[in-house]
Amino acid sequence: MKIFTSTQIKELDNYTIEHEPIKSVDLMERAARALTQAIAERWSKEVPVVIFAGPGNNGGDALAVARMLVERDYQVQTFLFNITGHLSADCTENKKRLVDRKGRSLLTEVTQEFDPPRLEEGMLVVDGLFGSGLNKPLAGGFASLVKYINASKAEVVSIDMPSGLMTEDNTYNVSANIVRATLTLTLQHKKLSFLFAENQPYIGELQILDIGLSQEGIEKTEANYTIIEKEQMRQMLLPREAFAHKGMMGHALIIAGSYGMAGAAILATKACLRAGVGKVTTHTPKRNVAIMQTAVPEAVIQIDREETTFTEGVATEEFQAMGIGPGLGTTEQTAITLIAQLRRASCPTVVDADALNILANRRAWLQQLPKGIILTPHPKELDRIEGQSIDSYERLTKARDLAERLQGYVVLKGRFTAICMPDGHIAFNPTGNAGMATAGSGDVLTGILTALLARGYDRREACLLGTYLHGLAGDLAAQELGEESLIASDIISFLPKAFAALRA
């Protein structure tokens, strides 16, 4: 699924109008029908409705919704804000249609002073002030109105976007001047800002409404952002041939675990095995050997000469992929060994956890990383590497820039994990849940990614499929165990069901 910018959204509207063909006011009517139906499915006619309409096309949508709710016998009070004396053409037309409509409706056009209506519990506010075209924070009277709406106990439905929230970049927005919706009814596609944690209080529940924008236009329009789709992942799955043997399924190397952190090595190794690789060799310090061989008897254990830390490099010629970092520690000797290991790696490599922390403390070493490297930071790890970010949009931008600069992949973990690619494209993973916010979850992802690389998936495929399967396994685990009780090893346990669900 593509995520379009505000400019592209307007272009898609115009493409639909030109090529369907359809008048712009009739496209607005189609959107309003979908909006009205969604509202009517949730709120009965007994609920008083107050609609705030802005002067642009978002306001036109709101006025059309007002008319259609009146036709369904809702009690509707509508306020149209025409402060500058200029309404968009379609807003003007829908104002006329609403005025001409007989019914339980009251329209007030606000040109100067505004006496706000009482907003009480049990009422519904429809926010149609500003949509996806907004490009600066709200101020003045509109900011005051937003604060008034937010202070009320009425439920709020926002049309397309909560007014005041911008489609992409809200880094310098004013949070107090953004509507806090109960429900956001967005048109045709998710917006980029909907994927960021700090914007969730404004969006409330999200529902996407299909308003029939041109499918041809959607397919023709290139998008820098996409959301991974299940069918795309299903088609990506490699077959497992009937006469396959372990030598054909790939040999993965996991370098993980310092003394006291053997669990990270166990999780990464088990996940690697569960993700379908033929063979896993885990390189770990001497003191981890007994627990590793007990916990993961299927793995080959390669023993570092040091008792407690990683100090001995591993030749990678016999391996198809390498995962390095979980529980590794950050001692000086480990750091020196790490950069030597990464420089001479001859196979696709996943870098996680302490390996990222070592690189964050020695940023000049980033220049020595091989092309195609895969980094899997969580937000704080990325901040250590690229500097503190004000918000998720700035952090995402830094992750994309890092991927382009390294000509590698940055998998920025979290809700809607972002896979940043060397060409600047970013794909968001829709699977996963809050129960996966638990220690070791990232180690599991490292194991899955390393396995897929060893199996023969290219780096892009491994990142997309690996994050999707990781989240899907977490979702299946949460369905059975609940989010509160989910631990990292549960994700591994549900990987078989995730593969089965994807193949089904």
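Mentor: In this predicted model, Arg363 counts as partly exposed, because its relative accessibility is 40%. The side chain of Arg363 meets that of Glu386 in a salt bridge, with 2.9 Å from N to O. Glu386 belongs to helix H13 (residues 379-386), while Arg363 sits in the loop between helix H12 (354-361) and strand S15 (374-375), so the pair ties together parts that are 23 residues apart in sequence. Glu386 has a relative accessibility of 17% and therefore counts as buried, since buried means under 20%.

The general principle is that side chains of opposite charge can pair when their charged atoms come close. The structure holds 19 salt bridges, and two further examples involve helix H4.

One of them joins Glu109 and Lys95, whose closest N and O atoms are 2.6 Å apart. Glu109 lies in strand S4 (residues 105-110) and Lys95 in helix H4 (residues 89-100), so this bridge ties together parts that are 14 residues apart in sequence. Glu109 is partly exposed at 29% relative accessibility, and Lys95 is partly exposed at 23%.

The other joins Asp100 and Lys96, with 3.2 Å between the closest N and O atoms. Both residues lie in helix H4, four residues apart, which is about one turn of the helix. Lys96 is partly exposed, with a relative accessible area of 49%.

Finally, salt bridges can also be traced through a group of residues: Glu29, Arg67, Glu93 and Arg97 are linked in a network.

Notes: Residues are numbered from 1 along each chain as its sequence is written. This is a predicted model: local features need pLDDT of at least 70, side-chain atom pairs count only at pLDDT 80 or more; totals for chains, interfaces and linings use all residues. Side-chain values use heavy atoms; hydrogens and water are left out. A salt bridge is a side-chain nitrogen of Lys or Arg within 4 Å of a carboxyl oxygen of Asp or Glu. Helices (H or I, at least four residues) and strands (E, at least two) are DSSP runs, numbered from the N terminus. Buried means under 20% relative accessible area, exposed over 50%, partly exposed in between (1.4 Å probe, protein chains only).
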